[in-house]
Amino acid sequence: MSLTVHVFVLDADGRRQVLDAPDDAYESAGFEDWRARVWGSPVVSSLGAVLLPVLAERDLEVPPCQVPALLRECLLLREKLEEIVANTEPVRTVAEHRSAIDDRLRTLVEVAGRAQATGGGVIIW
């Protein structure tokens, strides 16, 4: 099973409506065990991440007003990628682990950008 990331908007009654992604969009936020193994890892928290570590406990719903914070967090983690790779256990090779984390962070940035463009939020579940 995988974590997926989507844009959502709130309807007039305040209910969350998940938007369809563009056909060419990648929606993976990592493997299910990444909730604790990567996003909720001590190294990710130690780097200052506060949103993604929530995934260790539950799904993450980022309201529109916090999407800029999610973007900043993802960009910070991309800058610190080598530290994350060195302090989380790879499933395969270190190079594959690095590439997988980088790909997922890139996806999160892209989805957050789409959320900002629509005035929506981001859900990772």
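Colleague: Which residues does Ile124 touch, not counting residues up to four places away in sequence?
Modeller: The model is a predicted one, and the contacts of Ile124 are read from it by a cut-off of heavy atoms within 4.5 Å. Leaving out residues up to four places away in sequence, Ile124 touches Leu3, Thr4, Val5, Ala29, Leu52, Leu55, Asp59, Leu60 and Leu108.

Colleague: Which residues touch the most other members of the largest nonpolar core?
Modeller: The largest nonpolar core holds 35 residues. The members that touch the most others are Trp39, Leu52, Leu77, Leu108, Val122 and Ile124.

Colleague: Which element gives the most to this core?
Modeller: The largest nonpolar core has 35 residues. At least two of its residues come from each of β1, α1 (34-39), α2 (42-46), β4 (60-62), α3 (67-79), α4 (81-86), α5 (94-118) and β5 (121-124). The element that gives the most, with eight residues, is α5.

Colleague: Which residues of β5 point one way, and which the other way?
Modeller: In a regular strand, side chains alternate between the two faces of the sheet. In β5, Gly121, Val122, Ile123 and Ile124 are all buried. One way point Gly121 and Ile123, and the other way point Val122 and Ile124.

Colleague: How many bridges join β4 to β5?
Modeller: Val62 stands opposite Val122 in β5. The strands β4 and β5 run antiparallel, and the number of bridges that join them is three.

Colleague: What is the bridge partner of Val7 in β5?
Modeller: Val7 has its place in strand β1 (residues 2-10). The strands β1 and β5 run antiparallel and are joined by four bridges. In β5, the bridge partner of Val7 is Val122.

Colleague: Is Val7 buried or exposed?
Modeller: Leaving aside neighbours within four places in sequence, Val7 is in contact with Gln17, Val18, Leu19, Val111, Arg114, Ala115, Thr118 and Gly121. A residue counts as buried under 20% relative accessible area. The relative accessible area of Val7 is 6%, so Val7 is buried.

Colleague: What separates the C-alpha atoms of Val7 and Ala21?
Modeller: Along the chain, Val7 and Ala21 are 14 residues apart.

Colleague: How many aromatic pairs does a search of the whole structure find, and which residues do ring pairs link into a cluster?
Modeller: A search of the whole structure finds two aromatic pairs. In one, the rings of Phe31 and Trp34 have centres 5.7 Å apart and planes at 75°, so this pair is edge-to-face. The rings of Trp34 and Trp39 have centres 5.8 Å apart and planes at 70°, so this pair is edge-to-face. The cluster that ring pairs link consists of Phe31, Trp34 and Trp39.

Colleague: Which residue lies over the face of Trp34?
Modeller: Trp34 is buried, with a relative accessible area of 1%, whereas Phe31 is partly exposed at 33%. At 5.6 Å from the ring centre of Phe31, Arg104 lies over the face of that ring. The residue over the face of Trp34, at 5.6 Å from the ring centre, is Arg104.

Colleague: Is Ser46 buried or exposed?
Modeller: Ser46 has its place in helix α2. Ser46 and Ala29 are 17 residues apart in sequence and 20 Å apart in space, C-alpha to C-alpha. A residue is exposed over 50% relative accessible area. The relative accessibility of Ser46 is 55%, so Ser46 counts as exposed.

Colleague: What is the relative accessibility of Glu110?
Modeller: Glu110 is found in helix α5. The C-alpha atoms of Glu110 and Glu27, 83 residues apart along the chain, are separated by 9.6 Å. Glu110 counts as partly exposed, because its relative accessibility is 44%.

Colleague: What is the radius of gyration of the protein?
Modeller: The protein comes to five helices and five strands, and its C-alpha trace spans about 45 × 30 × 25 Å along the principal axes. With 125 residues, a compact globule would have a radius of gyration near 14 Å. The value for the protein agrees with this, at 14 Å.

Methods: Residues numbered from 1 in each chain as written. Predicted model: local features only at pLDDT ≥ 70, side-chain atom pairs only at ≥ 80, totals over all residues. Heavy atoms only, no water. Phe/Tyr/Trp six-rings, centres within 6.5 Å; stacked < 30°, edge-to-face > 60°. Buried < 20%, exposed > 50% of the residue type's maximum accessible area, 1.4 Å probe, protein only. Lys NZ or Arg CZ within 6 Å of the ring centre and 35° of its normal. Core = buried A, V, L, I, M, F, W, Y, C linked by side-chain atoms within 4.5 Å. Pairing = 2+ DSSP bridges. Rg over C-alpha atoms; globule rule 2.2 N^0.38 Å.
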